Amino acid sequence: MDLRYMFEILPRIAAYLPVTILMAIISMLLALILGAGLTYLYQNKLFRWLVELYLLIFRGFPTIVILFVIYFGLPQLLGVGSRWSANLVATLALGLKQAAYSIEVFRSSINAVDIGQLEAGLAIGLSPFQTYRRIIIPQAVRTMIPPLGNNFVSLLKETSLAFSIGVTEIFGEGKMIASQNFRYFEIYFLVGVLYVLIIFVYSLFQEYLEQRFSQY
């Protein structure tokens, strides 16, 4: 392993860290917003089947298949001449897939709160919305943080699949460099180290969140 060479190419690969991180953050935000909305709809028997169909599709399809369906398939289906932005499609596809897992986290965390909390809130005159906002959800958030953190870590690593539709991020840049000089071990090992560093920094942030919400 040539450490000197690894330090030489580090700036080239690290230059795409913002692409990877930004894609993961925006996708996760989209997943949280969409997941929360679909969790609310799941409570309505009229829309429950629709949410279950969404879960079946986006938990069943491999991520790379979802990327290809949206990026290559939808333009053909809709008769759009030009393809959409690869960065936009990758962010959207990852967010849609991650939302399916977020729904399960939200549902299980809310159900983990004792039903007596809801009954007590209603008994003192709070509306169902006020009870969930002031009593149920603050308690459920503490349960949500660890599994949502695991989801984000998985999402961060799945951003490497965006290269398959033309997005250049840290893995994509590493792959292009490796195709030029065939120094596969040094390059891919360096890419892996960068992912580990990002996840380590995030784990510190997650630990802070867990301590912060455990106070309540």
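**Entry 1: Ala178**

I began with Ala178, which sits in helix H8. Helices here are DSSP runs of H or I with at least four residues, strands are runs of E with at least two, and both are numbered from the N terminus. I am working on a predicted model, where local features need pLDDT of at least 70, side-chain atom pairs count only at pLDDT 80 or more, and totals for chains, interfaces and linings use all residues. Residues are numbered from 1 along each chain as its sequence is written, and side-chain values use heavy atoms, with hydrogens and water left out.

Is Ala178 buried or exposed? I found a relative accessible area of 0%, so Ala178 is buried. (Buried means under 20% relative accessible area, exposed over 50%, and partly exposed in between, with a 1.4 Å probe and protein chains only.)

Next I listed what Ala178 touches, not counting residues up to four places away in sequence: Arg183, Tyr184, Ile187 and Tyr188. Contact means heavy atoms within 4.5 Å. I also took one distance along the way: Ala178 and Ala120 are 58 residues apart along the chain, and their C-alpha atoms are separated by 62 Å.

**Entry 2: Phe182**

I moved on to Phe182, in the loop between helix H8 (170-181) and helix H9 (184-214). Its phi is near 60°, a positive value in a residue other than glycine. With 55% relative accessibility, Phe182 counts as exposed.

**Entry 3: Tyr5**

Then I went to helix H1 (residues 3-14), where Tyr5 lies. Tyr5 has a relative accessible area of 11% and is therefore buried. Which residues does Tyr5 touch, not counting those up to four places away in sequence? I noted Ile177, Asn181, Arg183, Glu186 and Ile187. Arg183 and Ile187 also turn up in the list for Ala178. For Tyr5 and Ile115, 110 residues apart along the chain, I read a C-alpha separation of 59 Å.

**Entry 4: Thr159**

Thr159 is in the loop between helix H7 (128-158) and H8. I got 0% relative accessibility for Thr159, so this loop residue counts as buried. Leaving aside neighbours within four places in sequence, Thr159 is in contact with Thr20, Met23, Ala24, Leu94, Glu169 and Tyr195. I also checked Thr159 against Ile21: they are 138 residues apart in sequence and 8.8 Å apart in space, C-alpha to C-alpha.

**Entry 5: H2 with H3**

Helix pairs came next. Axes are lines fitted to C-alpha atoms, for helices over the stretch in contact, and angles run from 0 to 180 degrees between N-to-C directions. Helix H2 (residues 17-42) and helix H3 (residues 45-60) have axes 8 Å apart and pack at an angle of about 140°. That makes H2 oblique to H3. (Under 35 degrees counts as roughly parallel, over 145 as roughly antiparallel, 65 to 115 as roughly perpendicular, and the rest as oblique.)

On the H2 side I listed Leu34, Leu38, Leu41 and Tyr42, and on the H3 side Phe47, Arg48, Val51, Glu52 and Tyr54. By class, this contact has seven nonpolar, no polar and two charged residues. (Ala, Val, Leu, Ile, Met, Phe, Trp, Tyr, Cys and Pro count as nonpolar, Asp, Glu, Lys and Arg as charged, and the others, Gly among them, as polar.)

How do H4 and H5 cross? The axes of helix H4 (residues 63-78) and helix H5 (residues 86-112) come within 9 Å and cross at roughly 130°, so H4 and H5 are oblique to each other. H4 passes H5 in a right-handed crossing; right-handed means the near helix is turned clockwise from the far one by less than a right angle, left-handed anticlockwise. Thr63, Ile66, Leu67, Ile70 and Tyr71 of H4 make the contact with residues of H5 that include Ala86, Val89 and Lys97. The residues divide into ten nonpolar, one polar and one charged.

H2 and H5 pack at about 45°, with axes 6 Å apart, and are therefore oblique too. H2 also passes H5 in a right-handed crossing. I counted 18 nonpolar, eight polar and one charged residue in this contact.

**Entry 6: The whole chain**

Last, I zoomed out. The protein chain has nine helices and zero strands. Its C-alpha atoms fill a box of roughly 70 × 50 × 20 Å along the principal axes. Buried residues make up 37% of the 216 residues. Of the contacts with a separation of 6 or more, 75% are between residues 24 or more positions apart.
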